[in-house]
Amino acid sequence: MKNVDEMGLNTQLVHAGDFEDAFGSAVTPIYQTSTFSFRNAAHGADLFAGREKGFIYSRIGNPTIGALEDKLAVMESGFGAIACSSGMGAVSTVYLALLSKGDHIISSSAVYGPSRNIMENHFVRWGVESSYIDTSDLNLIRESIRPNTKVLYIESPANPTMSITDIKAASELAHQHGIIVVVDNTFSSPILQKPLDLGADVSLHSLTKYINGHADIVGGAVIAKTEEMYKKLRTIMVGFGFNMDPHQAYLVIRGAKTLALRVERAQQNAMKVAEFLEAHPKIAWVKYPGLKSHPQYEMAQQQMKGPGSMISFEMKGGYEAGIELMNNVHLVMLAVSLGGVESLIQHPASMTHAGVSDEGKKAAFITEGLVRVSVGIEDVEDVINDLKHALEQV
Ligand code: LCS
C-alpha cells in the first residue's frame, strides 16, 4: 500500500486510510462487529495496556471507522482524527475535553444554533462561561479575553450569516494568551480550507454535510493537530460514547472520495445562483464569499481556495416573504442540512435558529427575512428557474 501523505488531495481523498486485508478488498469493508476476540489472555492484556496495536471493542476503535479517521487526518494535516456519531457529538467532545468548571469560551455569535444552545443551557449548569461575539473583528476577540478564557471557537464561514474570520490572525492572538483555537470547518470542507495549517489546534466537522455529501447519514469528526490533543479528545469520545458506527463510516469513506469533484461543481453553480439572487428586485442583499459585495471578500480570497456553495440572502418582505418563498420552491428542497448533491433551502429565523433568543439572533445578524441556500450539483439552470418561479410567487 502506497503512502499518500505527500501526494495530491484528490489522491488522498481516494486512497488515504486504505489498508490491506486478507482478501485484497478494493474498498474498506464494513467491519460490523461490536467486539474483537483476543488470541489469548496475554494478547488481551497487551491490547488494553497499549503494548500492542489492535482492536478491542467498537466504541473504542474499529477498522472501518479507523480507515475514515486516517483519511480525515491526512486531509486536514492533523496528528489524528476522531469520528463521532454526529457533528454535535464532535462539538460536545471538544467542549467536554477542553472546558472545566470556571473556564470561559469565546465563540462566533453566528455559530450553528445547537452549538450555542448546549453551551448556554447546559455547560452553564456546570459553571462554564461563554461569550458570543463577531469573531471576524479581531479587536472584539481581544476585548473579550478574560483570565479564565480557555477556548476560542470559530465557525468560518459561519452558519448561516457567511461571515468570515481570519483564522491565522485569530489563532496568533489566542495563542499569545494560551488559548486553544477550535474551528468548525463544516462549511468549507478540507478542499477549501485547512484550519490546522492556518494555526488552529483543533478542526471539527459535521460529516453529515460536504464530506459525506449524499444526505444519507449523520456523522461528525474532530481532527487534532498534536498527539497530546488527540489523546485528550479521544478519551472523551470513547468515555461518553459519542462513537460512530462502522456502517456510517463506510458511507462517509465512499462519499469522501468524490468530495473535491462535488465541491468544485457545487461552487460553480453557487456563483451563478448568487449572481442571479443579487440582481433580483425582491432581495435586499446576498452574502456569498464569491461576490465582491461580501464584506470579507478579500479575506475569503486569501483564506479559502474557493467560495463554496452556501449562500445567504435577505428577502425584502422579511419573515412573511421568507415563509412564502419556502412554500413555493419545488426542485430546491425545503429542508435543513447542507453540503449534499441536492440543493436545499431553509429559513433560519423559523427553523435552525428558532431556538436562539431574539437578542441572540439580533447580535448574530440573523434577520427575519434571512434565507440560506445550499447549492447542489444539479444543472444550474434548473435551480435558478425554480428559485425564479418561487420568487415570482412572493
Ligand atoms: N456544525 C455546523 C456548522 C453545522 O452546520 C451543523 C449542523 C453541526 C455542526 C452539527 O452537525 P450534525 O450533528 O447535525 O451532524 N447543521 C445543520 C444545519 O445547518 N441544518 O441542519 C443541520
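How many residue pairs are in polar contact across the interface of domain 1 and domain 2? The rule finds 18 of them, counting pairs with both residues at pLDDT 80 or more. Keep in mind that this is a predicted model.

- When it comes to contact, domain 1 brings 42 residues and domain 2 brings 38.

**What gets buried**
- Put together, domain 1 and domain 2 bury about 3,100 Å² between them.
- Carbon and sulfur atoms account for 62% of that area.
- Over in domain 1, the residues that lose the most area to domain 2 are Ile-164, Leu-192 and Tyr-210.
- Together, that trio makes up 25% of what the domain 1 side buries.

**Charges and polar links**
- As for salt bridges between domain 1 and domain 2, the rule finds zero.
- Polar contacts do show up across this interface, with the 18 residue pairs from the opening.

**Who's on the domain 1 side**
- Several helices supply at least two residues each to the side that touches domain 2: α1 (9-15), α5 (113-121), α7 (167-176), α8 (189-192) and α10 (246-256).
- The top contributor is α8, which gives four residues.
- Sorted by class, this side of domain 1 holds 19 nonpolar, 18 polar and five charged residues.

Conventions. Residues are numbered from 1 along each chain as its sequence is written. This is a predicted model: local features need pLDDT of at least 70, side-chain atom pairs count only at pLDDT 80 or more; totals for chains, interfaces and linings use all residues. Side-chain values use heavy atoms; hydrogens and water are left out. Contact means heavy atoms within 4.5 Å. Buried area is the accessible area (1.4 Å probe) that two parts lose on being put together, summed over both. A salt bridge is a side-chain nitrogen of Lys or Arg within 4 Å of a carboxyl oxygen of Asp or Glu. A polar contact is a pair of N or O atoms within 3.5 Å; within protein, one must be able to donate a hydrogen and the other to accept it, and residues adjacent in sequence count only if both atoms are side-chain atoms. Ala, Val, Leu, Ile, Met, Phe, Trp, Tyr, Cys and Pro count as nonpolar, Asp, Glu, Lys and Arg as charged, and the others, Gly among them, as polar.
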